[in-house]
Amino acid sequence: MSTPSLATLPIRRLTLRDLTACADLSEDRGWPREEHKWGFLLTAGKGFGIDDPHGGLVAACVVTEYGAWGRPDLGAIGMVLVAERHARLGVGRRLMRHVVSSMGTTPLTLHATRNGRPLYEELGFKVVGRAEMLMGRFSPGGPASGVATRAATAEDLPAILRLDEEVFGTDRTPLITRLPAFADQLRVAEEDGRLIGYAAAWPNMDTHVVGPLIAQDTETAKALIVSLAARTERPLRTDIDVRHEELLTWAKQRGLGSVAFNSVMTYGITDLPGDWSRRFAPLTVAAG
């Protein structure tokens, strides 16, 4: 029996049953398996994939929708991967075209690597910003912060959701309500009894990823990072909007080194909604 052409292999929706295959695909491309993150994204978002007739996946990606249920006003595309044996054969382009078409008029965003950016530009995505990935062991030091932080409680969730929607620019309830189970830490910053920021640290292989990081100003963002770092022995990783130069300089002084830059891109809108000045780092670049 002949092997079907890549161009005729069907694109289907992925589920949690595909978690191992997605992790295998990550490993095939030299990425960490990231099963914890894959499970989160496949639950909170929509996975798309192409099955390999010989087993496993030819390609995969995930779309996380934000806004009203059934009427999203923003979609974030992430984890776009093509198996090495099928790379540079147009599979990624075909999968992305399918995803863009399936989203109709919904505006889209993604974080692109240097290698992935040309494909996205070909499909009509525009660069609107950059994020710098930092990673390393955080070293405490410097003057004590006057910003009060504490562990979040269930009673904080409504205030977290209100602040997140105000800063992010659209409703992320299905994602944010999963944070307590997904993250090892979820902390808030307060001022006069009012929530002025929140951040999570979630496990990814041998690191803790800091994200989302939402704060009223840089000092609040610093205080949240310090409070998360004090409660883990793992290295930290985060992706900070390059416009937050002060926070980037401070983080590097505290031991986090630059790993890579990603281009923030949009399709169907000229810029991301919300308030970038209070949006310091995404939950994950795969979901915005």
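**Entry 1: the largest pocket**

I looked up which elements line the largest pocket of this predicted model. Strand 4 (71-82), helix 3 (91-102), strand 5 (108-112), helix 4 (117-122), strand 6 (126-136) and strand 12 (257-267) each supply at least two residues. Strand 4 gives the most, with six residues. I noted about 1,200 Å³ of space in the largest pocket. Its lining counts 41 residues, and Trp31, Val80, Leu81, Thr113 and Gly116 are the closest to its centre. I then sorted the lining by residue type: 22 are nonpolar, 12 polar and seven charged.

**Entry 2: the second largest pocket**

I found a volume of about 340 Å³ for the second largest pocket. Of its 20 lining residues, Ala44, Lys46, Glu65, Trp69 and Pro174 come closest to the centre. Two or more residues each come from strand 1 (11-14), helix 2 (35-44), strand 2 (46-51), strand 3 (57-68) and helix 6 (173-176). Strand 3 gives the most to this lining, with five residues. By type, I listed nine nonpolar, six polar and five charged residues.

**Entry 3: helix 2**

I went back to helix 2, one of the elements that line the second largest pocket. Why is helix 2 largely enclosed by the rest of the structure? Seven of its 10 residues are buried, so the rest of the structure largely encloses it. The buried ones are Lys37, Trp38, Gly39, Phe40, Leu41, Leu42 and Ala44. Ala44 also stands among the residues closest to the centre of the second largest pocket.

**Entry 4: aromatic pairs**

I counted six aromatic pairs. Phe40 and Phe182 are stacked, 4.0 Å centre to centre, with 25 degrees between the planes. Phe40 sits in helix 2 and Phe182 in helix 7 (residues 179-182), 142 residues apart, and their pair links distant parts of the chain. Phe40 and Phe182 are buried.

Next I checked Tyr66 and Phe168. Their ring centres are 5.3 Å apart and their planes stand at 75 degrees, so this pair is edge-to-face. Tyr66 belongs to strand 3 and Phe168 to helix 5 (residues 157-168), so the pair ties together parts 102 residues apart in sequence. Tyr66 and Phe168 are both buried.

I also traced a cluster: ring pairs link Phe40, Phe182 and Trp202.

**Entry 5: charges over rings**

Which ring does the charged end of Arg172 sit over? I found it over the ring of Phe168, 3.9 Å from the centre. Phe168 is thus also the ring partner of Tyr66. I noted Arg13 over the face of Phe48 too, at 5.9 Å from the ring centre.

Key:
Residues numbered from 1 in each chain as written. Predicted model: local features only at pLDDT ≥ 70, side-chain atom pairs only at ≥ 80, totals over all residues. Heavy atoms only, no water. 1 Å grid on protein atoms, 1.4 Å probe; cavity = no way out; pocket = protein on both sides within 12 Å on 5 of 7 lines; lining within 4 Å. Points joined across faces, edges and corners; volume = space filled by probe spheres on them. Helix = DSSP H or I, 4+ residues; strand = E, 2+ residues; numbered from the N terminus. Nonpolar A, V, L, I, M, F, W, Y, C, P; charged D, E, K, R; others polar. Buried < 20%, exposed > 50% of the residue type's maximum accessible area, 1.4 Å probe, protein only. Phe/Tyr/Trp six-rings, centres within 6.5 Å; stacked < 30°, edge-to-face > 60°. Lys NZ or Arg CZ within 6 Å of the ring centre and 35° of its normal.
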